[in-house]
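Hi,

Here is the structure I promised to hand over. Please have a look before reading my notes below.

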Amino acid sequence: MGRPGTRDVTSRAAPIAALAAVALLAGDALADKPRAPSTVQDLAYGEVLFHFYQQDYFGALVRLLAAFERNEVPSHAAEAELLLGGLYLSYGQHRLAGEIFERMLDEHDDPALRDRAWFFLGKIWRQRGYFAEAEQALARIGGTLPPELEPERRLLAAQLAMDQGKFAEAEALLSGWRERDEWSGYARFNLGVALVRLGQTSAGAAMLEQVGTTPFEPRNETGNALRDRANVALGYAWLQAGEPALAKPALQRVRLSGPFSTKALLGVGWADSARADHRAALVPWLELKGRSLLDPAVQESLLAVPYAFAELGADRQAADHYLEAIDAFDAEIARIERSIAAVRSGALLETLVDSRQDDASGWYWRLDAVPDSAESRYLYELLSTHGFQEALKNYRDLQLLIRNLDAWSASLGAFEDILDTRRRAFEQRLPPIEERLEAIDLERLGTRRVELEAEVAHIERTRDYAALGSADQQRLWDELSALEPDLARLGNDAEAERLRGKQRFLKGILAWELERDFRFRLWQQKMDLRQLDLSLKEAQARRYRILAAKEAWPEQHAELTARIAALEARVAALQSAAHDALGRQQRFVEALAIDELEARRQRLAAYRVQARFSLAALYDRASSRAAVMRRAEGLE
Amino acid sequence: MVTAALAAAAFALSAAAQEAGKPAPQFAVDDAAGARAGEFRTLDEEVQALKKLAVDLNRDLFLLEEELLFPASTQVSVFVSMDVGEFFALDSIELKLDGKDVASYLYTDREVDALYRGGVQRLFAGNVRAGEHELVAFFTGQGPHERAYRRGATLKFEKGIGPKYIELKISDRESRLQPEFIVVEWE
């Protein structure tokens with residue numbers, strides 16, 4: 001598709017679109033972006049943008065690839081290539097996107113675009129666990145990231161270091177962080193955690209203390225949750241370091257109603273318990289008892305409460321609580337085993353992924369709300385991990401891919417019908433057309449045209465005015481000319497002379513009229529000849545087209561039939577491969593869930609063993625005490 | 001990001017909790033997905049490869065579909081674009097080809113926005129014989145001062161051997177503070 005040369009052309013939309021494709025990866029809503037001027041130079045590129053701007057990324061991707069194939073985007077080659085990279089990325093094709101960015105971006109004259117692209121690619125790669133690739137992408141970023149992304153980049157770099165166990169590097173990356181926003185909060189929190197893991201508890205604790213006591217701006221739930229998380233981490237770090245007195249104030253800063261309250265209450269109890277204040281420890285632990293047994297902290301409190309009672313010497317209450325705990329663990333283990341069975345039966349993925357919901361942003365899909373079912377109730381934390389989400393996304397992508405292939409499979413049948421209809425129509429129409437073609441002798445018409453041209457040339461050369469006169473004029477001319485011999489024979493009398501004079505006069509007038517109109521009539525003849533030329537050429541072109549179509553059709557038909565057959569085979573092969581991959585992906589997602597459930601089951605089983613062991617020890621102690629009592633009574 | 005920070009914290013917590021209480025094990029959640037990272041990567045690479053095959057297949061199917069439904073020798077496609085569009089809010093377009101209604105399209109806000117940003121919509125694709133044809137488009141929407149606005153634009157065109165592309169372009173005529181509807185033939 002070329003552009004009409006007469007139009008004034010400006011193209012400003014294209015680079016903006018390419019940038020937007022990259023920006024999309026951050027989850028930015030396009031609606032929030034400034035509007036772009038709209039002229040594009042290639043219609044096909046504009047059509048891709050029409051789908052892209054409506055977040056139909058798959059449609060845009062397919063159209064863009066088709067446009068490349070047909071060379072329909074020559075005026076936007078570079079932007080289109082970048083857009084292709086962005087679209088690949090939005091479709092989860094991070095490898096292909098990376099290759100394009102590598103090829104296109106390093107030489108791109110817009111460093112801001114380049115830096116943003118590498119940033120988002122690095123982010124995606126980290127989410128997918130491609131740490132080395134993510135590091136390389138971040139390393140390519142120059143210095144032009146916008147201020148709102150720069151903190152995230154620094155945090156991302158530190159996270160990557162921590163992901164790979166390079167804690168000292170993470171510390172180096174984060175240590176210069178001074179800002180007081182939420183990102184800096186995350187950064188300091190992560191640095192604190194990293195330092196604790198490096199064994200530098202004091203330094204790590206100082207960092208966590210900072211986060212745990214900072215009022216973040218803006219004040220919202222995210223900031224509060226981060227503070228709670230830091231205080232829990234700090235409390236447990238001190239507990240681990242054998243500093244319960246330092247642990248307790250941090251844990252007590254955690255909100256009682258927040259998502260970290262159970263961990264904090266448990267920790268406060270352990271802090272008291274570590275200082276042998278078992279009575280105080282019972283206060284938070286008994287508070288935990290009333291909460292949901294799904295929470296691991298609550299499960300642990302079922303053991304902690306009787307432990308405290310036993311330490312206080314209240315063996316009967318301790319035994320009652322151990323028995324209660326064993327019952328609760330039994331019931332919970334049975335529930336988890338039912339969940340494991342349900343996950344194995346495939347119910348989990350059915351619950352989590354409803355493939356019928358296929359909105360335009362399908363490939364950006366992420367599971368946000370966890371359905372409340374037997375299979376998913378234990379999996380809240382697992383569902384929030386990148387690993388699980390990305391695996392789930394791949395599973396859903398495969399489902400969408402299979403649906404797409406199923407739809408094409410049905411269409412290919414229709415394509416065969418279309419081709420068949422065209423074949424029949426061609427076969428029906430061809431004989432009458434050929435008949436008509438044979439009836440028209442174009443060659444004879446061509447010869448006649450040549451003769452006509454020669455005649456006109458002769459008339460022009462001989463200035464045969466009468467030849468171009470009207471029919472009446474020609475008849476009159478002939479009549480007047482025919483009179484001449486008769487008039488010549490009349491003799492020389494006055495009457496004869498008068499008649500000859502009249503004839504000459506009339507012929508003269510006619511000659512004058514013919515001469516007057518000659519030039520116009522000659523021009524008209526030439527115009528008619530030209531028109532005849534065009535008509536003959538058109539007729540010949542049509543004839544040629546029909547003959548060419550007749551000749552080409554068998555080949556075209558065979559080529560289209562072969563293409564349909566080849567595509568059918570490709571669709572079938574891909575359907576089969578996608579179904580196999582879907583099965584593997586399903587087993588993988590289920591294995592992740594079962595790993596998680598199994599870990600919970602094993603933990604509860606270990607708790608149960610501990611409870612039984614402690615109960616047995618209590619009974620032993622009681623029976624020893626009774627024996628001592630009996631012996632004492634016997635002595636009396 | 002939040003999740004990642006949590007995961008990092010959970011690891012520290014698990015280590016801390018392990019030794020904090022005498023009888024109790026840790027409560028932190030294990031990163032089951034992390035433990036299977038290698039397996040994830042193998043499957044991810046497989047899914048990537050399949051998706052690449054699927055995209056290429058879709059491209060080839062798309063091209064075949066167009067060739068079958070609208071062969072170049074008979075194809076006529078009508079596109080809609082918008083340049084600025086300050087003076088006209090598009091609601092719908094009706095299209096007549098040689099006196100016959102061939103398209104009647106009501107726009108959503110999302111579609112108008114996509115046009116506004118530089119998208120070009122293929123409003124109609126059909127087949128016509130070679131020779132002269134007439135296309136008439138009626139644009140309905142809101143004009144300046146929020147007044148109902150309906151305008152028509154006509155194009156007589158010659159269909160040759162190759163595909164015929166026609167662009168209906170809505171733009172602003174700044175000098176008269178009015179919208180302008182232009183029909184452009186592409187080569």
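In chain A, the buried residues of helix H7 pack against helix H6 (111–127) and helix H8 (150–163). The model is predicted: local features need pLDDT of at least 70, side-chain atom pairs count only at pLDDT 80 or more, and totals for chains, interfaces and linings use all residues. Residues are numbered from 1 along each chain as its sequence is written, while chains are lettered from A and ligands numbered from 1 in the order in which they are written.

Some terms. Buried means 20 or more other C-beta atoms within 10 Å of the residue's own, exposed means 12 or fewer, and partly exposed is in between, with C-beta atoms placed from the backbone. Helices (H or I, at least four residues) and strands (E, at least two) are DSSP runs, numbered from the N terminus.

Back to H7(A), residues 131–139. Its buried residues are Ala134(A), Ala137(A) and Leu138(A).

Chain A as a whole has 23 helices and 0 strands. Of its 636 residues, 37% are buried.

Now chain B. Strands S2 (residues 89–97) and S3 run antiparallel, joined by 6 bridges; strands pair if DSSP finds at least two bridges between them. Leu97(B) has Lys100(B) as its bridge partner in S3(B). The hairpin has 2 residues between the strands, and Asp98(B) takes a positive phi near 50 degrees. S3(B) covers residues 100–106; of these 7 residues the number buried is 0, so the strand lies largely in the open.

Best wishes

Definitions and conventions. Contact = placed C-beta atoms within 7 Å.
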